[in-house]
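Subject: Structure handover

Hello,

Here is the structure for you to look at. My notes on it follow below.

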Amino acid sequence: MSRIHRAAAAGISLAAMLFGMESACAQATTEVVVRGALRPRPVDAPPPIDLFIKRPRIEQVALSQDGAQIAFVTWLEGYRVLVIYRVADQSKRVIKLNPGDISALSWADDNHVLISTTVTGLRGTCGSGPSQKKVDSASLSGSVSQANSMPAPRPDNPATNAADNSAMLNALNSLSTPGCAYYGIRAQTAVTSVNIAERAGVGLGSRMSEYANLALGTPDVVMVDGKPQLIGPYLEMRGLSMNGQPTKRVYLWRSDPETGQGKLINDGGGDLDRENRYVDDWLLDKQGNIVARSVYSFRNEQFSIERKVDGKWKPVLTRKIVTRDGTFAPFMAGLGRDGQSIVIFDAEPGTSGADRRFHYYELAADGKLSALLEPGDATRDRPIFNPETGRLAGFVQTGEAPEYSLTDPLMRELYRKAQDAAPGQAVTVVSTARDPHRMIIFAQGGEEPGAYHFIDFTTGKTLEIGDIHPEVPSEWVASQKSVSYKASDGLEIGALLTLPPKPEPKRLPLIVLPHDGPQAHDSRGFDWLAQVLASRGYLVLQPNYRGSDGAGPAFMAAGQGQWGRRMQSDLADGVRDLAGQGLADPARVCIIGNGYGGYAALEGATMPDIWRCVASLGGISDIGDYVSWVKSKRSVPDPDQIASLTADPVWPRAFSPDPGSAAIVTGYLGDPSGWSALSPRNQVADIKAPVLLVHQTDDRSVPVRQSKVMRDALQAAGKAVTYTELPGSDHELTTEEARLATAEAVLKFLQTYNPAN
């Protein structure tokens, strides 16, 4: 198979495909599950901008363990729905979903799909308080619209009887009061198990005991007595502590995906055996056997990872937890390459605070640690485990395009074939069956806006699940390519260049779009704003300036202390490079950015020799005020003292940099004495270029006052400024209404100050 085919010229409506009102016109080599209705394809005039700003047609996709069914979330006639597609007979089930965030999909068994929403919480022994974010364990139980709700059984605890409960309570009351410590970050997940046949959902954690329980990550699927069961750690949401014991304790539960009812799993040490010890996590193998657990000891303030030796738990790694130093406790990620060792996520020795770095290591049964495993940075590189054995297969590095480094021979070959299936595009393996010969990939980039595909490498069968932007006429999808250029100090800067479909790329008006973050990066794929601008005749450059992640720790470190300095000049160097090639007209260049990118735009307003106009979308204008605001939002204790991380909702037991971290921001800013001089609101007298300010009233990343004070300062100084406020919109412009309003404001502004023709 040399490539993934595009949809056929004649399309069928999404509703018709889902409900089978028309038959699919399958191509010779592939079938199409979801195909949007095709729009008229204008030859001379670009299509309406509302086609570019629509939400992706498909949001999440998951392949069943046997590879026979595909689950995905899409939109049908204004409603969000869960679609179940059977590959063999092309049958479909559609389940209407209520509003609410969805982080990920997964399969419990052939009849149940898990819908998960994840937030980040502090890891530790402390009880409830403002420092611990919480998701109601039943918050997603209403995510599935259903005509007949499942009756809720009386809460009970199948693992114990009344006498056992009474004895346990008496014993707990005799235990001594423990201390309180935080030592890491972890996922807290609300999970709904959706019964496909009944079109009904049940929230996991609400039917396990007399207390509500919150899943700490998505539970593992294991076979117990020939029946799939869900096993994982749950946080017990007690309202009151019992004689000083932790108010919220963690237990290992096995639950039934059909009923949500659970059974407590005995790991060889019940509450009586855990006096002054707090067990907060377990690692399982594919058969559901407990491989290891992590424990905090109140007596000596020590964290341990333990394994069973001769029937007793023995520590193989220990660490003294010093709260004032923000000690980080390693997190178990999965089985190592030999099936005996444990992959752990841990802080690099000797690093702390904003400079703390993280890696994956293998922890052997005898306690020996391997060298670091991942090629670059554990907060961006993701471990991949063989779905059949559960063993570490390698890593994927996130950057402008995914790069896979796999040591498992079978997985390496299959992932290579997946990438070869769509030459010239960025290919991501989204989901695999238990037999990884069956997988779902997402291919995007070049002239492809992005589409999901099912591939069976055993039979050669392929299936296009759907294009995420089918409304945009194919000839108006702007071509995107990776480029690079030299910064003024010689550093190589990677970037994405989007070429307008029309006219020819020669001395074109240029728009530079610096990304938010700054610890982030732009990846290949459909960028709605870049596509809107390209469709109107603009060349678009998206530089991954120094400090961006995805290009290795050294490149990221090059941005430390360079906010408004080298990070800023990297953008201007990109303009000079394109002008030198004759692609861009240096007299017609504007800069537009969101968040930090908005700051970079405002900072550029003082340089009219480079920037003809600037637009800040939810940007930062007063650095000191912004940092103070960020710090005021942080909890006590501040998670930055432990790790500036967030739990990754898509990759189990993985973590990403926290975009709201004050430690990360101040690391890029450098010496606070220079913040005032770097703040655009203090440089109004030097601003020459016209300014557009767009800000969202519900922005939780940058407060709207950052744009308001900039507007007021510019108006008072008699400068050219246009201000647009978007009520009810967030920082990421996630709604179609917000994106449309932003696109219209930007194009109107450009037409005034930097017209494309």
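Residues 24 or more positions apart account for 62% of the contacts in the protein chain with a separation of 6 or more. Contact here means heavy atoms within 4.5 Å. The chain has 757 residues, and 57% of them count as buried. Buried means under 20% relative accessible area, exposed means over 50%, and partly exposed is in between (1.4 Å probe, protein chains only). The secondary structure comes to 12 helices and 38 strands. Helices (H or I, at least four residues) and strands (E, at least two) are DSSP runs, numbered from the N terminus.

This is a predicted model: local features need pLDDT of at least 70, side-chain atom pairs count only at pLDDT 80 or more, and totals for chains, interfaces and linings use all residues. Residues are numbered from 1 along each chain as its sequence is written, and side-chain values use heavy atoms, with hydrogens and water left out.

Confidence

pLDDT is the predictor's confidence in each residue, from 0 to 100. The protein chain averages 85, and 85% of the residues score at least 70. Over residues 34-42 the pLDDT is below 50. That stretch has 35 contacts in the model beyond near neighbours in sequence. Residues 146-177 are also below 50, with 42 such contacts.

The disulfide

A disulfide is a pair of cysteine sulfur atoms within 2.5 Å. By this rule the count comes to 1 disulfide. Cys590 is joined to Cys613, with S to S at 2.0 Å. Cys590 sits in strand β33 (residues 584-594) and Cys613 in strand β34 (residues 613-617). The two are 23 residues apart, so the pair links distant parts of the chain. The torsion about the S-S bond is about 110 degrees, so the disulfide is right-handed. Both Cys590 and Cys613 are buried.

Helix α4

How many residues of helix α4 (residues 528-535) are buried? The helix is mostly covered: 8 of its 8 residues are buried. Among them are Trp528, Leu529 and Val532. What covers these residues includes β30 (492-499), β31 (508-512), β32 (539-544), β33, β34 and α12 (736-753). Asp527 caps the N-terminal end of α4. A side-chain oxygen of Asp527 lies 3.1 Å from the backbone nitrogen of Leu529. After α4 comes Gly537, whose phi is positive, near 100 degrees.

Salt bridges

A salt bridge is a side-chain nitrogen of Lys or Arg within 4 Å of a carboxyl oxygen of Asp or Glu. A search of the whole structure finds 32 salt bridges.

- Asp267 pairs with Arg293, the closest N and O atoms being 2.9 Å apart. Asp267 lies in the loop between β14 (262-264) and β15 (277-284), and Arg293 in strand β16 (residues 290-297), so the pair ties together parts that are 26 residues apart in sequence. Both Asp267 and Arg293 are buried.
- Arg653 pairs with Asp281, at 2.8 Å between the closest N and O atoms. Arg653 is in the loop between β35 (645-647) and β36 (655-657), Asp281 is in strand β15, and the two are 372 residues apart. Arg653 is partly exposed, with a relative accessible area of 21%. Asp281 is buried, at 1%.
- Arg319 pairs with Asp346, the closest N and O atoms being 2.9 Å apart. Arg319 lies in strand β18 (residues 312-320) and Asp346 in strand β20 (residues 342-347), so the pair ties together parts 27 residues apart in sequence. Arg319 counts as partly exposed at 23% relative accessibility. Asp346 is buried, at 3%.

Salt bridges that share partners also join Arg123, Arg186, Asp280, Asp281 and Arg653 into one network.

Buried charges without a salt bridge

Lys and Arg count as positive and Asp and Glu as negative; His and the chain ends are not counted. Asp377 is in the loop between β21 (358-363) and β22 (382-385). Asp377 is buried yet has no salt bridge. The nearest side chain of opposite charge, Arg380, is 5.9 Å away. Asp522 lies in the loop between β31 and α4. Asp522 is also buried without a salt bridge, and Arg380, its nearest side chain of opposite charge, is 11 Å away.

Best wishes

Conventions: Polar contact = N/O pair within 3.5 Å; in protein donor to acceptor, adjacent residues only side chain to side chain.
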